[in-house]
Amino acid sequence: MQPRRPPVNAGRRSFAPTPGFTLAALAIAALCVRLGFWQWHRGENRQAEWARYAAGTAQVRDLGSGDVMQQPLFQRVRLTGALDGAHQFLLDNRSWQGRPGYEVLTPLARAGAATLLVDRGWLPFSGSRAQLPDVALTAPASLTLSGRLALLPSPGLALGRAPPAGPWPKVTSFPDMAQLSAALGAPLAPRILLLDPDAPFGYTRDWPMPGLSPLRHFSYAIQWWSFALLALVVWGVTSRRPASLTP
C-alpha cells in the first residue's frame, strides 16, 4: 500500500482580505497619517515661533507710546509708565521647577497708550488659598522697564479657567484679556510684558521658550506615521488565510 500524498495546497496561504477589515485598516492608517501631518505642521509653527523669540532677543526697541501690536511677538522693548500696585492680578496654577505658585500681573499706565500688564514673575504657593503672597509695591510715579512682549498664558483647553475674583490682588486662572480689562475697569493692551530678569520690582523670572520643543512635535509626527504603517502591515499579515485544500 502506497503512502498517502499530502494535499497539493498544504501549507500554502492566499491573500483574502475581508471588506470590513480593509476599510477599518485604511481608516486607521488615514487617520494616523493626518495626525502625523498635523503634528509636523505644529512643529514647523513652533520652529518659526522659537525663531521669532530668538530674533526678539537681539535688540531692545523703545516702545514709547506706540501700539504693542506694531511690534513682533516676543520682541524685547523698553517703555515708561507708572505701575499700579493697588490693582494687581495673581495668575493661579503657574509652576516653576515643579513648584506651584502664582505669576504677578501689574498694570503699567502709559501716557497716550493703553495700559499694559507687566508679568513681574513667579511667587510660591503658601499652602493655603486664604493666605496670598504679599505683592505690595512702592514704585516711583514714573519708571522705565524692559521686557519681552508675549501673550497671556493659555491652558489649551477651556478646563481650569477662572475669571478674576475677590478683593485686590484678584486671583485668576488662565483669564482672557477682556476679563482682566473688565475687572480693572480700563482698556488693556492685547499683549503683556514679561519683565526682564534684571529689571527692578520683579520676582522669579526664568521665562522659558514658548510651548513644546519643535523636535517633540516632529517625533510625534513620525510616531503617527509609524502607526499608519503598522496598521497596514497588520492588515496584510492577518489577511493571509490557508488556501482551500484540494485532494
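**Asn 93.** I looked up how open Asn 93 is in this predicted model: its relative accessible area is 45%. That sits between the 20% and 50% cut-offs, so I noted Asn 93 as partly exposed. Asn 93 belongs to strand β4. I also checked its backbone and found phi near 60 degrees, a positive value for a residue that is not glycine.

**Phe 201.** Next I went to Phe 201, where phi is near 65 degrees, again positive in a residue other than glycine. Where does Phe 201 lie? I traced it to the loop between β10 and α3 (214–238). Its relative accessibility comes out at 28%, so I put Phe 201 down as partly exposed.

**Pro 169.** I then looked at the peptide bond from Trp 168 to Pro 169: it is cis, with omega near -5 degrees. Pro 169 has its place in the loop that runs between β8 (162–165) and β9 (170–173).

**Largest pocket.** The top contributor is α1, with five residues. Sorting the lining by class, I have 18 nonpolar, six polar and eight charged residues.

Key. Residues are numbered from 1 along each chain as its sequence is written. This is a predicted model: local features need pLDDT of at least 70, side-chain atom pairs count only at pLDDT 80 or more; totals for chains, interfaces and linings use all residues. Side-chain values use heavy atoms; hydrogens and water are left out. Helices (H or I, at least four residues) and strands (E, at least two) are DSSP runs, numbered from the N terminus. Ala, Val, Leu, Ile, Met, Phe, Trp, Tyr, Cys and Pro count as nonpolar, Asp, Glu, Lys and Arg as charged, and the others, Gly among them, as polar. Buried means under 20% relative accessible area, exposed over 50%, partly exposed in between (1.4 Å probe, protein chains only).
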